[in-house]
Structure formats: C-alpha cells, structure tokens
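Visitor: I'm new to this one. Can you put it on screen and take my questions as they come?

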Amino acid sequence: MAAADVIRGVSDEIERLVGEAGLRIMQAVMQAEVESLAGPKGRHEPDRPITRWGRQGGYVVLAGRKVRVKRPRLRDEDGGEVALKSYGRFQAPPRRQQSIYRPLIRGISTRKYAPAIEAFTEGYGISKSAVSREFIEATSGELETLCERRIDTLDRLAVLMIDGQHFAGECLVVALGVDATGRKHVLGLVQGATENAVVVQQLLDDLVQRGLDAKRPMLIVIDGSKALRKAVQQTFGERCPVQRCQLHKRRNVMALLAEEHQGSAEQRLRAAYSTAGYAEARRPLLATVAWLEKINPSA
C-alpha cells in the first residue's frame with residue numbers, strides 16, 4: 001500500500017470513528033426513551049399502557065448521511081404503534097452538522113466524554129434535562145471502550161502513520177495503524193493547534209500505554225515536521241524505518257511552483273515514485289531536482 005493511500009484514508013477513518021461514537025449515543029438515547037415509556041425490560045407493569053414491540057430496520061442521519069439502524073418499537077394498549085420522539089429527531093438532518101460533531105470530537109480527543117454527550121444530544125434537540133446522570137455515565141463508559149481500546153488486541157500492525165488533520169473545524173493529530181491485511185485503524189487522536197513535539201509525544205505515549213509495542217519494527221509514515229520526527233525518534237529510536245509521505249512532499253513542491261509548471265512537476269514525481277527500486281527512483285528524482293533548480297530553486 002502506497003503511503004499516499006494511507007494519508008488519503010485518515011479523514012474517512014476519523015469520520016468512521018466519530019460516526020460510531022455518535023451512533024452509540026443515539027442508540028442509548030432511544031433505549032432510554034423506551035424505558036421511560038415502557039419501564040425496565042423484563043419487568044411487567046400492568047399500569048403501563050405502553051409495551052415493547054420488538055425492533056425494526058430504520059435509519060438515522062449521521063454527518064449528513066443516512067445510516068441503517070435497528071430501531072426499538074413500542075405499542076399502546078390498543079395495539080397501535082407509539083413513535084419515539086428521539087428517533088424522529090435523529091432522522092431529521094441537523095441544520096448545523098459541524099456544531100454537533102465538534103464537541104463530540106473534542107470529547108474523544110480530550111477524553112471529556114460527559115460534556116460531549118450533552119452537547120451532541122442537545123444538537124439534535126434533546127434537552128439536557130432529558131439526559132440523566134446515569135445515562136451519561138453509561139454512555140461515557142461505551143465511548144471510553146471505543147476510543148481507549150487496547151491496541152495489542154489488533155492484528156499485527158505493519159504501518160504507523162501520524163499526521164495533523166483538520167476535521168469538522170478541529171485540528172487533530174491522528175495516529176493511524178495499518179495491519180498486515182491492509183486494514184486501517186484509528187489508534188488515537190489528540191486535539192492540538194499544531195504538530196508540536198509535546199502534542200505528538202503525548203499521543204505516542206498514550207499508544208504505548210495502551211499496548212503499542214515500541215520495540216517491534218514497523219514502517220512509520222510522517223510528513224516533514226521536525227516535531228513529528230523528534231517524537232518518533234524518542235519513542236522508537238532507530239528500530240523503525242521512517243517514510244517521508246510522498247503526498248506531502250508533492251504538495252509542498254507544488255505550492256512553490258507557478259501553475260504552468262505544476263503539471264510537469266507532478267508528472268515527474270509520480271513517475272519516479274512509481275518505480276520499483278531505490279536506484280530506479282533516484283535517477284529521475286535527481287533529474288527533477290536539476291530541472292526545478294532552473295525554474296524555482298526554492299521548490
């Protein structure tokens with residue numbers, strides 16, 4: 001798998017993680033409403049006119065997209081269906097998706113789950129008064145399990161990619177792992193304005209505490225940030241080869257070139273990076289350097 005392909009998948013994996021977190025909160029909210037109307041499961045209460053009626057396929061809206069769920073159903077004493085207000089709210093596309101996902105991302109990255117849960121539910125029109133302390137504690141536990149899971153339970157990791165990403169208006173430093181089958185896993189993320197050494201080291205220390213074996217060789221993919229390189233060196237030493245991301249390199253070169261030269265430079269770099277070996281790549285890259293020196297020495 002090319003390093004550039006790993007980079008491109010970071011935002012998708014962040015969205016998957018945040019979406020799963022949001023979905024767990026939604027399911028918990030719907031279940032809480034069921035219990036408020038029908039009482040605890042397995043306890044028959046004759047005075048309650050509303051009873052459980054199984055589950056049915058449905059959908060909720062997450063990040064502007066429909067996501068399939070199994071929704072709980074209720075019926076009244078006449079056999080008619082009782083609609084869940086929470087399910088209706090989760091089906092209506094929020095007008096301001098960013099405002100809903102920002103606090104959830106902050107909660108995941110800073111591990112302050114309770115405020116994130118309250119802000120997320122209020123964003124869908126569910127009042128704070130309807131979200132009990134017991135609900136917050138239970139849902140916080142689910143999010144902790146999801147976002148602070150052990151890493152040593154994953155299949156053998158072959159690649160560790162670290163990069164700063166902007167997602168839903170937040171700047172995140174993300175650690176993405178790729179296992180031996182090519183599957184990607186968001187290992188951790190931390191909120192930070194820049195990829196400074198303190199932020200990156202905090203992220204790597206957390207990964208190690210959760211089971212990442214810093215003594216096991218793996219390919220580490222980073223951009224040209226000196227802070228990233230310093231933290232990687234301090235954590236892994238010389239055991240792991242470090243790959244400078246080709247996608248970041250190409251972007252940096254293109255940013256310095258006039259538009260008329262960008263196409264040719266892109267073509268040259270892609271051709272060099274697509275070769276099979278070091279020697280085969282080195283020759284066209286040195287030729288590209290010589291060409292760039294005539295056009296724009298900074299590039």
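Predicted model: local features only at pLDDT ≥ 70, side-chain atom pairs only at ≥ 80, totals over all residues.

Visitor: Is Cys-147 buried or exposed?
Guide: Cys-147 is buried, at a relative accessible area of 10%. Buried means under 20% relative accessible area, exposed over 50%, and partly exposed in between, with a 1.4 Å probe and protein chains only.

Visitor: Which residues have the most contacts inside the largest nonpolar core?
Guide: Val-18, Ile-25, Phe-90, Leu-104, Ile-108, Tyr-124 and Phe-135, in a core of 52 residues. Such a core is a set of buried Ala, Val, Leu, Ile, Met, Phe, Trp, Tyr and Cys residues joined through side-chain atoms within 4.5 Å.

Visitor: Which helix gives the most to this core?
Guide: Helix α2, residues 10–38, with 13 residues. Helices are DSSP runs of H or I, at least four residues, and strands are runs of E, at least two, numbered from the N terminus. Apart from this core lies another, of 24 residues, among them Val-173 and Phe-236.

Visitor: New topic. How many aromatic pairs are there?
Guide: The count comes to three. Rings of Phe, Tyr and Trp (its six-membered ring) pair if their centres lie within 6.5 Å; planes under 30 degrees apart count as stacked, over 60 as edge-to-face and the rest as tilted.

Visitor: Why is the pair of Phe-90 and Tyr-124 edge-to-face?
Guide: Because the planes of Phe-90 and Tyr-124 are at 80 degrees, with the ring centres 5.2 Å apart. Phe-90 is in helix α3 and Tyr-124 in the loop between α5 and α6, 34 residues apart. Phe-120 and Tyr-124 also pair, in a tilted way, at 5.3 Å and 55 degrees.

Visitor: Last one. Where is Pro-217?
Guide: In the loop between α7 and β7. Pro-217 is partly exposed, at 49%. Setting aside residues up to four places away in sequence, Pro-217 touches Arg-156, Arg-239 and Cys-240, where contact means heavy atoms within 4.5 Å. Cys-240 itself is buried, at 6% relative accessibility.

Note on methods:
Residues numbered from 1 in each chain as written. Heavy atoms only, no water.
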